[in-house]
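Open the structure in your viewer and keep the selection panel at hand. This tour goes stop by stop, with something to select at each one.

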Amino acid sequence: MGLNIIKLSLGSLIIFCSLFACNNSQSKQVKSVIIVQKDSCRLDLSKGEAVVLNLGECRYCHLRNDVPRFKKNIPIWKELAGMDSLKLSNFIFVGKHNGMYKKVFPAVLKRIDSLDDCQKRNLIHFIKAASRNQVMH
Amino acid sequence: MLLEQINNSLSSAQNRNMSGGIMGKNLKITDNGSGQLTLSGDILITLKVLDLTSYSTSRLQSLMKFTEQTIMSKLRGGAYGEQAIFYEYNSAKRSFTNKQHTYSIRYNFSYTARVIQINSLSQLSGNDFVLALVDDIGHRFTDIYGRKHASGGLTQASGGPATVIYSEWEKDNLIGVHEFFHTLGLLDLEENGLENRLMYHLGKVGSNVTNKEKAIMNQFIMYDLRNMTRSNYSNPGNNTVNQLRTFLNDTSNGFKYNKAKFR
């Protein structure tokens with residue numbers, strides 16, 4: 001009698017464990033499907049340059065040389081490139097150049113708002129490239 | 001007569017003081033009143049060629065002449081730039097005000113190019129452009145299609161020194177201009193269908209330069225519009241000798257050249 005009870009208990013435990021294991025593996029599969037995402041945006045200097053030209057060439061004020069600097073408080077192009085990407089991105093796309101685009105250049109503001117995520121990333125990529133020693137072939 | 005003599009001596013003194021890769025004279029801004037500024041004047045571009053090869057460069061003079069003519073022909077003819085965010089121009093005062101303004105820029109410079117050979121670093125100033133000839137370049141790059149390539153030339157972009165493998169320049173005489181135009185701010189092109197463009201770099205380069213590329217080079221040359229309000233201009237120092245030394249010594253570039261000639 002006692003042996004039968006033990007056998008029954010062990011059998012129930014095995015069935016319970018196998019069910020639990022199946023459920024657990026299913027939830028793992030679901031998670032891995034969610035994580036995998038394809039990024040189709042290719043970073044390309046010429047695409048970033050095209051965005052700069054379309055917005056309105058910034059390098060007439062953010063000069064490539066600091067002799068002489070355009071104005072004391074205006075960073076040169078290389079200094080912009082040395083800034084943190086997120087800070088740079090926020091300055092351009094969120095703060096809109098301290099509100100300068102809205103106040104003085106509404107056309108530029110429209111162009112900035114119409115940029116897609118990939119164009120924005122390419123613009124930052126292009127600016128940041130000036131802090132690296134770019135080798136051309 | 002006396003006035004003429006004074007004028008002549010003044011202009012020759014100005015010429016003596018000016019040197020560098022970019023020299024501008026008779027610079028002028030014309031405002032058409034409808035948001036377009038036209039930049040005009042005479043600009044002389046000088047590229048100095050430093051031969052660092054270990055072998056004979058018998059065709060060097062003809063390659064330099066060809067490069068000189070090509071630089072001129074590609075820069076000439078003017079270009080329309082994109083809109084620029086800048087400051088309002090006051091034609092009467094020949095200066096920019098503090099009020100912000102957008103302009104479209106039209107470049108209408110009259111270009112002359114000079115490609116000259118130098119024999120030592122003492123002939124190279126801080127604001128000169130340089131093209132160094134080397135024996136080989138070990139650097140390899142991967143294109144957007146994932147293919148690996150060797151390079152006939154290597155340039156540090158936007159104002160930096162340019163180099164070419166002399167034997168490759170002999171095979172493709174446009175490589176010298178291609179590399180120098182990197183110095184003037186142009187990027188490499190890799191997309192299929194752009195094989196006819198001068199800045200295409202996967203195989204033999206083409207010869208076409210677009211209006212947009214011309215505008216980018218003009219913007220590089222006259223990067224500070226305030227310089228247009230003076231009649232003469234030469235580009236600021238760029239520490240060319242040090243830049244060239246660092247570039248050649250960078251092992252990741254894999255330059256092979258005659259070190260005894262780098263003096």
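Which pattern does chain A follow, read along the sequence? The answer is α-α-α-α-α-α-α-β. Bear in mind from the start that this is a predicted model.

**Stop 1: chain A as a whole**

Chain A has seven helices and one strand. Now colour by burial. Of the 137 residues in chain A, 34% are buried. Contacts are worth a look too. Take those in chain A between residues at least 6 apart in sequence: 60% of them join residues at least 24 apart.

**Stop 2: confidence**

Colour chain A by pLDDT. The average is 82, and 73% of the residues score at least 70. Which element of chain A has the highest mean pLDDT, and which the lowest? Helix H7 of chain A (residues 117-129) has the highest, at 97. Helix H1 of chain A (residues 2-35) has the lowest, at 55. Select residues 17-27 of chain A: here the pLDDT is below 50. Beyond near neighbours in sequence, this stretch has zero contacts in the model. Where pLDDT is low, the predicted coordinates should not be read in detail.

**Stop 3: where the chains meet**

Show chain A and chain B together. How many residues does each chain bring to the contact? Chain B gives 41 residues and chain A gives 32. Between them, the two chains bury about 3300 Å². Carbon and sulfur atoms account for 58% of that area. Now select B:Ile85, B:Leu187 and B:Tyr223. Within chain B, these three lose the most area to chain A. Together they make up 22% of what that side buries.

**Stop 4: an arginine over two rings**

The charged end of A:Arg64 sits over the ring of B:Phe220, 3.6 Å from its centre. A:Arg64 also lies over the face of B:Tyr223, at 4.2 Å from the ring centre.

**Stop 5: the salt bridge across the interface**

How many salt bridges does the rule find across the interface of chain B and chain A? It finds one. Select A:Arg42 and B:Glu191: their side chains meet in a salt bridge, 3.4 Å from N to O. Is A:Asp44 buried or exposed? A:Asp44 is buried, at 12% relative accessible area. A:Arg42 is partly exposed, at 30%.

**Stop 6: salt bridges in chain B**

The structure holds 14 salt bridges over all chains. Start with B:Lys171 and B:Glu168, which meet at 3.1 Å, N to O. They are three residues apart in helix H3 of chain B (residues 166-171), so about one helical turn separates them. B:Lys171 is exposed, with a relative accessible area of 60%. B:Glu168 is partly exposed, at 28%.

Then select B:Arg226 and B:Asp224. Their side chains meet in a salt bridge of 2.7 Å, N to O. B:Asp224 is buried, at 2% relative accessibility, whereas B:Arg226 is partly exposed, at 24%. Now return to the trio from the last stop: salt bridges that share partners join A:Arg42, A:Asp44 and B:Glu191 into one network.

**Stop 7: aromatic rings**

Show the Phe, Tyr and Trp side chains. The count comes to 14 aromatic pairs over all chains. Select B:Phe86 and B:Tyr87. Why is this pair edge-to-face? Pairs with planes over 60 degrees apart count as edge-to-face. The planes of B:Phe86 and B:Tyr87 stand at 80°, so the pair qualifies, with ring centres 5.7 Å apart. B:Phe86 is buried at 1% relative accessibility, and B:Tyr87 is buried at 8%.

Move to B:Tyr107 and B:Phe109. This pair is tilted, with 40° between the planes and 6.5 Å from centre to centre. Both residues are buried.

Notes:
Residues numbered from 1 in each chain as written. Chains lettered and ligands numbered in written order. Heavy atoms only, no water. pLDDT = per-residue confidence, 0-100. Helix = DSSP H or I, 4+ residues; strand = E, 2+ residues; numbered from the N terminus. Contact = heavy atoms within 4.5 Å. Salt bridge = Lys/Arg side-chain N within 4 Å of Asp/Glu carboxyl O. Buried < 20%, exposed > 50% of the residue type's maximum accessible area, 1.4 Å probe, protein only. Phe/Tyr/Trp six-rings, centres within 6.5 Å; stacked < 30°, edge-to-face > 60°. Lys NZ or Arg CZ within 6 Å of the ring centre and 35° of its normal. Buried area = accessible area lost by both parts, 1.4 Å probe.
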